[in-house]
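Opening the notebook on a new model today.

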Amino acid sequence: MTAHQPSSSISSLLGELASAPSRAPEELLPELRPGDVVAGRFELVRELGRGGFGLVFEARDRELSRAVAFKAIRPGRTRALEKLAKPLKEEAEAAARLNHPNVVTLHDSGVHEGTPYLIMELLRGETLASRLRRGPLPPGEALRVALEVARGLEAAHGAGVLHRDLKPGNVFLTGQGAVKLVDFGLASIMGRAALAAGTPAYMAPEQLRAEPEDARTDVYGAAAVLYESLAGALPYPVSGGRSAVLGPGPPPPPPLGDAPPELVALLASGLARDPASRPQDAGAWLAGLLSVERAYAVRAAVEARAGRRRRVRRAVWTAGAIAVVLAAGIAGMALRARADAELALRESQLLASAEAASDPLLAVLLLSELSDHPPPRAVDVAQRALGGPIPAAVLDGARNGVALAVSADGSSTAAALSDGAVAIFRNDGTGAPRQLRHDGQRADDLAFTPDGARLVAAGHEGSLHVHQLDGGAPPVSLSLGGSPLVRLVVSPDGRRAAVATLDGRLVLVGLDPLRVVATVLHDAPVFALAFTPRGDRLVTADADGEVQLLDASSGVTRARRATGQAIYALAISPDGARLAVAGEGGTIGLLGPTLDPLGVRGRAGPAITALAFDPASGRLAAAAVDGTLQLHAAERGGEPRRLRAHREAFRLAWAPVGGRLLTFGTDGRALLWSGPGEPVPTPLEGPSVVAAAFTPDGRRVLTRAREGTLRVWPIGDAGARGLLTGHLGYVDTVTWSRDGLRLLTASHDGTARTWDRASGKELLAVRDPSGVIHSAAWDPDERRILTSSEDGVARIWSATDGSLLVALPPAGAPVLFAAWSPDGARVATAGLDGVIRLHAADGHGEVVRLEGHEAGITHVVFSPDGREVVSASQLDATVRFWPLDGGTPRVLRADRAVFRAGLSPRGDLVAVAEVDGPLRLFRAADLSELPPLRAWPERLWTPAWSPDQRRLALASFDGSVSVVSLDDSGEPLLLRGHPVAVSEATFSPDGRELATALADGTVRVASIEWPLLRARLAASTSACLTTAQRLHLLGESEEEARTRHAACERRHGREPAAPAPPSTVPPATAPPAQGSRR
Amino acid sequence: MTAAAHLTILLLQAFRAGTPSRVPPAPRPVAATERVVLDVRFPPWQFTGTFTLRLGALRDRGVARDRGSLIGPKRRVERVLEGKLGTLTLRLDTRLRGAVYPPIFGRWQVVGATGAYAGRGGGGTFTAVDAGGGSGSPFERQTMLGRLSPRR
């Protein structure tokens, strides 16, 4: 039996642990094996490790089609729930909710047959402990890791969470260069001693003495980790299980002989025995590390200047006669050197801040500040920032409130403020918000009339306020008693409003003039109400489970239906034929237009708090309080699709034009779901969201953040962003058309598709009868498409209409690759039977067989002159050159598997990327090897040449793509923006973009040239860095920051706000006073 | 028949058990119970406040005291309402917290009654919201709706 639960209820999990039967861990854990499926969802792939806490598997989340880490915890290792102090339980809950780039993400948790488990982000790479076994880190890298650790800690401390077990084994270095803290909060759950496994090396003195721990305990751990990273040794040796930190000995020596004084001082304080002498929290520790980083940067700048001066002095010494002539130039060079160093330092800091930003918008704004020639990794950081949705505008001035309404024409958005005012923003981000005021408290709900002329506000104090928007007329108010008005809807014709009060009244209000038309009493509050699409009826559902159908003109009840459960949500299908209600019991009741029962969907379970019909397909979406999104088919019953959406309860809305679904939860996240079949969520990353809505045209989403801003998100632009979606399985190959305007892809979903590069829209799809296509290629005229497939047949299709033109004779084994000859007259195929076949493209004539490979062939290509065929075998680790004039084949044997042969555009070179090995380069004519290229030596997969033959793009199954120059100049470009394995990366015809084919069925197109990326960064948003961000992140002076912020605001049509005086008003959501009873 | 199908039929029957549709509105079968509305106010983050009661023609007001917490692990409160006409002791159970507005919703029932309320039973639903002053306390204003039986 499996109990599945959201991760936020970790203390509930602990409860399960405490009540689990006391069996020996050995009795439980061996039951988990690769191939097992836990909770009907997590398929265990392979064991990654085991430790004191239990087992870790790589697993596949079948619902979300992603790889995750499955951590099974030994129940015997956990503390009983009742033994956990309340603060620790709360801390464990908070740890589960930590969401930071430097903290591993906890997705989920549950109990499987008595074994509790955690579902976590799957990390690939190694722990710092593993890395340090090969020796200390270079100072720059050690400092970078320490900074990332400190950022993760700072976020955790800000959330009231201590790690308590910082050590190199809990610092993970991913293959993409990220640093992640793992096992956060587990120390509090499992007990520090259990995790420390008997080594006190990284424990602060107060921990060793079992004294109270606080943020300074983690600071000690972070300092010990940094010390060991630099020195390769512990700061305080451990002897006989006892750490020298408990003794009276001297403090540790400096970790490096040439450490800057800032580093020595910081480590001395971080490792102080007395917590009072250490930096008091992670924020202070981080500040210290940043000062050390600056010290190193200044040192580098000084050394650069000194080197230049030395060179200049030598020049002057040997050419004294012309010293006077050169003097001016020397001075200029020195000045330029200093300016260069300062610019390099600023750019480095900017990039580091952009990389660390958890909000992609901030990353975009910081990257926009970079110069024309930033460090190479700016390309990678910019690609990643632009890979997801970026808000086109940020509207400031919506603090302390929740209610949100978008006008019918989508041009403006109203946000209720805590002081009773309503701010109206222009959604294009220009101008200042317009403030509407009425007497009374904040509005709990808002609605525009359909003509956009009025805004109706439901006041918390019990009055309805109507604002005229087309003039300066004061609002008209109508008191409806003292009970808060919690639900408000306006009729489709704009003449009526219906308001639900907390004391159980439904008040039907006429808006012309403003008056009460009818009041309908309920025995429980009405949580759901809606006008029918024609506007002649009003449906209400209350917390006693009664549904009422009212006449919208008179308020007279026409029908009632008792459902037996408190109803929280109601939805009416666009045609008005069906009505869905749901609530406490978790089932959905379907009713007809007169409330006649039509059926029940779903089964009893967690309460449902939101419902909506998809206007396009009629599907019904339901939001359950456990964070699960249910999608019910339009017509038939049966089980819905259940998708993990949020950690807790959430709201939802379909786009008015259908197809896309917006969800936003109490976890502060907003997700946009789209895609055929099972929709895939795209997070709208940014500050914690409290409300969200589509614009009526469905082309934009408005989110309201707790911090007081609104964000305007253009949607449906994934294709324009370079994300091509539509394939339902692994994409094997991606090819550009000669003009660079189209792409051709082949997928294991059995289709080959062509795409418009600019819009990302699919142009054509051919469907292979085998269900799996391994490769696709245009002929030289781009009139035909050649595919190779699992059923052993290569097929030729019309590139115009997708019709099948020729099915070549079958090979008898899967064909993994097929290629056109340069003249388009012949086709070469290669497959698992180890034979290359040469066919006439019309399907007639004799098939020529080229045999010699000792195993299956994974790649084949014609040489540019058409006189040879080159093949590669992943299975026999060879690349072979087959002269078509009957000459002897040349064989290049590699040390490891070779998936593809990287024949250069001119055909004179071949790049061999050995899987898990180095990149090697050979001359095609004689197979002599050229000097090795710098490339990431691990996890290589496929090489592809740039059209000018000066660069190579290397795809990797760890999700990275590297671009190296043939002349080995400059830093290789490492692109890490792919969430899954990349099967191929190909250059656009102009060499300025890369298209990548991914294992998750997507194709991504991104520029690798900074000017193009910079233009996209600038065009992506009208938001500006705030003055405070410029001050703190860019290091500008206050005046400079203010001036530049104002200039940016004006550039985007906004008048910058005057500097605000320091606020003395306490926040509206102040926590309870210490010791209060609640 | 599968358990799911059986459940579906039961639920359909439950839906059909309601008042037939297309029937003109009829007086609801309220038996002899009376609609009650209780407005309970607490100062921010406090457990002692005031209440007003409307029960048919009856009006009362007085002091409200809570034991327990609507958002604690048990999500249960015993509420004592001491009015001029008598005392009502109620038990409140939170059913939904933070998922929709209002932030707290639950059910209540009478567990004790004295004075003018002696012999009355019943219960209903309640909601809790802040008073709009910015304190952040979601318990300041609680509206309790339901029905009470007449005195026996």
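This is a predicted model: local features need pLDDT of at least 70, side-chain atom pairs count only at pLDDT 80 or more; totals for chains, interfaces and linings use all residues.

I started from one pairing: A:Leu404 has A:Ala415, in β15(A), as its bridge partner.

Strand β14 of chain A covers residues 404–406, and three bridges tie it to β15(A), with the two running antiparallel. Five residues lie between the strands of this hairpin, and there I found A:Gly410 with a positive phi near 75°.

Next I checked the other partner. Strand β16 of chain A (residues 422–426) also pairs with β15(A) in the antiparallel sense, over five bridges. In that pairing A:Ala416 faces A:Val422 of β16(A). The β15(A)–β16(A) hairpin has five residues between its strands as well, and A:Gly420 takes a positive phi near 95° there.

Then I asked myself: is β15(A) buried or exposed? Five of the five residues in 412–416 of chain A come out buried, so the strand is largely enclosed by the rest of the structure. I looked at the faces separately, since side chains in a regular strand alternate between the two sides of the sheet. One side of β15(A) carries A:Ser412, A:Ala414 and A:Ala416, the other A:Thr413 and A:Ala415, and all of them are buried.

Last, I zoomed out for context. Chain A has 17 helices and 71 strands. I get 49% of its 1078 residues as buried. Of the contacts in chain A between residues at least 6 apart in sequence, 50% join residues at least 24 apart.

Key. Residues are numbered from 1 along each chain as its sequence is written. Chains are lettered from A and ligands numbered from 1 in the order in which they are written. Helices (H or I, at least four residues) and strands (E, at least two) are DSSP runs, numbered from the N terminus. A residue is buried if 20 or more other C-beta atoms lie within 10 Å of its own, exposed if 12 or fewer, and partly exposed in between; C-beta atoms are placed from the backbone. Two residues are in contact if their C-beta atoms, placed from the backbone, lie within 7 Å. Two strands pair if DSSP finds at least two bridges between them.
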